[in-house]
Amino acid sequence: MNWWEHWFLAEETGCWIWRGSLSGGYAVLYKGYKTLKISRLSYTKYKGEIPLEYIVHHKCENKRCINPEHLEAIPRVEHGKRHTKEFCKYGHALTESNREEKSRRCKICSMKKLEDFNKKRRQRLLAKCRGSSGIPG
Ligand SMILES: [Zn+2]
Ligand SMILES: [Zn+2]
Ligand SMILES: [Zn+2]
C-alpha cells in the first residue's frame, strides 16, 4: 500500500484524512527509526520541494489532513504567527486573515461596527423623511 492511497475523503471539508499512524495529532509514517510527516511528503509529491526552514502548514487546521490543496509551505517564523492563539474581546480568533493589516484589530468586529453604523444612519435618514413629508410615522 502506498502512503498516498492511505486516506479517506471528508466530504464536507474536502480533507484527505490519513488512515495511518498519528503523532501529536499529525499524520505520520514510521520508516525504520525515522518519523515522516505525511503533510511534508504530500506537499513534496504534489506541489514540489519545500524550501529550507519552511513548515508545511494546514490551512484547514486539520492535522490529519494530507490534501496538498490544504497545505501551504511558509517560513518557520511566519508559521508561528499563524498559530498564535489570540482572541478579540468577543471571542473571534485573531488569525492572520481576521486581522486588519494596519490596526491589527478584529475584522469581524469592525465589519459589524460598520454595519451597525450604516443601519443607524439609514434609520435616522428614514425618520427625517417621514418628518418632512408630514405623514405620521
Ligand atoms: Zn484539509
Ligand atoms: Zn500550521
Ligand atoms: Zn471580534
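**Exercise 1. Find how far apart the centres of domain 1 and domain 2 lie, taken over C-alpha atoms.**

The centres of domain 1 and domain 2 are 35 Å apart, taken over C-alpha atoms. As for the bounds, domain 1 covers 1-83 and domain 2 covers 84-131; such bounds come from an automatic or database domain assignment.

Some ground rules before going on. This is a predicted model, where local features need pLDDT of at least 70, side-chain atom pairs count only at pLDDT 80 or more, and totals for chains, interfaces and linings use all residues. Residues are numbered from 1 along each chain as its sequence is written, while chains are lettered from A and ligands numbered from 1 in the order in which they are written.

**Exercise 2. Work out the strand order of the open sheet and say which strands stand at the edges.**

Step 1: take E3 (residues 22-23) and E4, which pair in the antiparallel sense over two bridges. Strands here are DSSP runs of at least two residues (E), helices runs of at least four (H or I), numbered from the N terminus; two strands pair if DSSP finds at least two bridges between them. Leu22 sits opposite Ala27 in E4. The two strands make a hairpin with two residues between them, and Gly24 in the turn has a positive phi of about 60 degrees.

Step 2: now E4 and E5 (residues 34-37), again antiparallel, over four bridges. Tyr30 faces Thr35 in E5. This hairpin also has two residues between its strands, with Gly32 in the turn at a positive phi of about 60 degrees.

Step 3: The order is E3-E4-E5, an open antiparallel sheet of three strands. E3 and E5 stand at the edges with a single partner strand each, so one side of each has no neighbour in the sheet. Helix H1 (residues 38-46) packs on the sheet, touching E4 and E5 (contact: C-beta atoms, placed from the backbone, within 7 Å), and its direction makes about 90 degrees with that of E4. That angle is between N-to-C directions, on a scale from 0 to 180 degrees, with axes fitted to C-alpha atoms, for helices over the stretch in contact.

**Exercise 3. Find where confidence is lowest and where it is highest in the protein.**

Start with the overall picture: mean pLDDT (the predictor's confidence in each residue, from 0 to 100) is 90, and 95% of residues reach 70 or more. Then go element by element: helix H2 (residues 76-82) is lowest, at a mean of 83, and E2 is highest, at 98.

Definitions and conventions
Two residues are in contact if their C-beta atoms, placed from the backbone, lie within 7 Å.
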